[in-house]
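Hello,

Have a look at it first, then read on.

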Amino acid sequence: MKVVSGKFRGLNLKAVPTNNTRPTSAKVKEAVFSMLSPYMVDGNALDLFAGTGSLGIEAVSRGYETAYLVDKAYKAINTIKENVEKTREEDSFVVIKSSATEALKKFEDEKIKFDLVFLDPPYRMKITEQIISDLVANDLLNDGAIIVDETDYDIDLELEQIELIKEKRYKDTKVAMYRFGG
């Protein structure tokens with residue numbers, strides 16, 4: 001697993017030593033960032049089910065100022081910290097051991113907003129729609145923020161402020177990109 005592009009290009013990242021984490025494949029990660037390229041800005045990124053932290057690290061590599069990397073698994077947090085350390089830019093990352101719900105509450109309390117959000121929850125959870133609703137309801141998105149959802153099922157968002165921009169399938173993985181219209 002490597003960083004695909006940007007200032008950390010080619011950096012080898014460690015995988016989480018467990019079968020419970022499903023890292024985003026290199027092909028899907030490259031496709032995600034190709035889809036994102038017209039919308040890239042330089043604000044805050046959030047990787048809410050970070051696993052290895054590779055999506056947030058890739059975002060900082062490509063110009064985002066800060067990536068918040070959230071996971072509730074102890075092994076994942078240790079792996080994320082090791083991967084962040086490899087960048088030699090630890091100040092560009094905030095690593096949080098927490099559930100998604102607790103993390104969103106913390107961000108709301110601290111009035112932190114995001115320009116880019118990666119959602120890649122365990123497929124069995126099927127909670128993407130609720131998380132996106134919470135991001136909007138708790139005012140956690142800057143106007144024009146992009147949400148990238150990686151899942152194995154179709155969701156039917158009925159939020160006025162969220163617009164589907166692109167959607168692609170890669171075998172059993174669906175990647176949908178949404179924009180928040182504030």
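Lys111 sits in the loop between helix H4 (100–109) and strand E4 (114–119); helices (H or I, at least four residues) and strands (E, at least two) are DSSP runs, numbered from the N terminus. This is a predicted model, where local features need pLDDT of at least 70 and side-chain atom pairs count only at pLDDT 80 or more, while totals for chains, interfaces and linings use all residues. Residues are numbered from 1 along each chain as its sequence is written, and side-chain values use heavy atoms, with hydrogens and water left out.

Back to Lys111: its phi is near 55°, a positive value in a residue other than glycine. Lys111 is exposed, at 72% relative accessible area (exposed means over 50%, with a 1.4 Å probe and protein chains only).

Arg88 also deserves a look: it is not a glycine, yet its phi is positive, about 60°. You will find Arg88 in the loop between helix H3 (74–87) and strand E3 (93–97). With 74% relative accessibility, Arg88 counts as exposed.

Now for the inside. There is one cavity of 30 Å³ or more (a cavity is a set of points on a 1 Å grid over the protein atoms alone where a 1.4 Å probe fits but cannot get out). The largest cavity holds about 40 Å³ of space, a volume being the space filled by probe spheres set on the points, which are joined across faces, edges and corners. Strands E4 (114–119) and E5 (141–151) each give two or more residues to its lining.

Enjoy exploring!

Notes: On a 1 Å grid over the protein atoms alone, a cavity is a set of points where a 1.4 Å probe fits but cannot get out, and a pocket is an open set with protein on both sides within 12 Å along at least five of seven lines; lining residues have an atom within 4 Å of a point. Buried means under 20% relative accessible area, exposed over 50%, partly exposed in between (1.4 Å probe, protein chains only).
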